[in-house]
Amino acid sequence: MAEPVDQYSSAREPRWSQVWQMPALVLGLLMFAVGVYLALPEREVIDFGQVLDEVSQYLKAENLEEAQEVLESQLGPFLEQAPVLERARYELYWGDLVYQQQRQKNWDLPENHLKTLNHYQRAKELGLTLDPLHLQRLAETLVALNREEEAVKVLDALGEGEVRRRYLVLRQIIERRLATGSSRVDVMPLVARFELELSSEPNQRDRRPQELWAAGVRTRAFLEAGTAEEAIKYLQRRMIVLMDEGGEGDLGPLQALLAQVYQSAGDYRQAQRWYRLAQQKLDVNDDTNAQVLVGLAQVELAETGDVRAALEGFAAAEEQYPAAATHLEAMIGRADCEARLGVHPEAVEHFGRAVAA
């Protein structure tokens, strides 16, 4: 008697003739994948260190367009491949690029200062130690963002041999405060620190113009405080020291300032004397000449009432030094003298220009 056929077992185990296509299909797919992989272009390998060295050279040469092109196009798309310290250099050079673009284009945009700050901070977070140059730039950026306390802390991180970087940033803080309405009396503590740092500057050629600037700020602080006598005493003593150290050839601006102090005190003879001394030393292109011309014209009116002589001084100051700080004062003085002389059309014109200014 024949044994029964196990139909279930037969269904579960298909014959070779039914499944031989599967290995061939798998093998075909594998070969296709290998072919696609081999056809793909090789992943570009970037020598980040070498390319970043090129960026550094572009930045040093102020070739900012080339530096930006390399950072954006050659390095940016492949940045994730870079080692950590190369990514830090990438951030540092982006900060340098924005910092230098601002200065090259004479910009002062808060959003750009913030970009510079963020790039420098990311460079530090990635393990880069900022050198003195970049600490100075970081401090200047903080000053531009009105974060002065942070800027001073950065200055404190500079080594003893970096006095020049410190006093230059301190001067920026002082000038920025004065430009935004702070009184000179309020910035005196910063001026004192500036002078302390400056005293360690070994190079007299670098130190001298800074000393002249600081003396001017201190003198004007005395004037603002209403102590003209103190201003005269201080400035005369300071000029003697400066004269002993480097002569008097560059003291014209301080002599003009001393004349202004005497004028404010009502001592017109001394004011005229110091204005004349300053005039002898000033370069013809120095805008301080405008202050001298205006001062002499004002003294002439106060002492002699010679309107025509005063008009000549005001007109010369206005026409020859249009960028001077006393330009508006010169226009008003000129218009006033013309009105006194009955030259009304010109007076109206110059008063109108003064109002517009």
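A charge is said to sit over a ring if NZ of Lys or CZ of Arg is within 6 Å of the ring centre and within 35 degrees of the ring normal. In this structure, Arg-103 lies over the face of Tyr-99, at 3.8 Å from the ring centre. This is a predicted model, in which local features need pLDDT of at least 70 and side-chain atom pairs count only at pLDDT 80 or more, while totals for chains, interfaces and linings use all residues. Residues are numbered from 1 along each chain as its sequence is written, and side-chain values use heavy atoms, with hydrogens and water left out.

Tyr-99 and Arg-103 are both touched by Glu-140, which also touches Val-169 and Gln-172, not counting residues up to four places away in sequence; contact here means heavy atoms within 4.5 Å. Glu-140 is placed in helix α8 (residues 132-144), where helices are DSSP runs (H or I, at least four residues) numbered from the N terminus.

The structure also holds three aromatic pairs, that is, rings of Phe, Tyr and Trp (its six-membered ring) whose centres lie within 6.5 Å, with planes under 30 degrees apart counting as stacked, over 60 as edge-to-face and the rest as tilted. Two of them are set out here.

| Pair | Centre distance | Plane angle | Type |
|---|---|---|---|
| Tyr-167 and Phe-194 | 6.0 Å | 80 degrees | edge-to-face |
| Phe-222 and Tyr-234 | 5.7 Å | 50 degrees | tilted |

Because Phe-222 lies in helix α12 and Tyr-234 in helix α13, their pair ties together parts that are twelve residues apart in sequence. Ring pairs link Tyr-167, Phe-194 and Trp-213 into a cluster.

Notes:
Helices (H or I, at least four residues) and strands (E, at least two) are DSSP runs, numbered from the N terminus.
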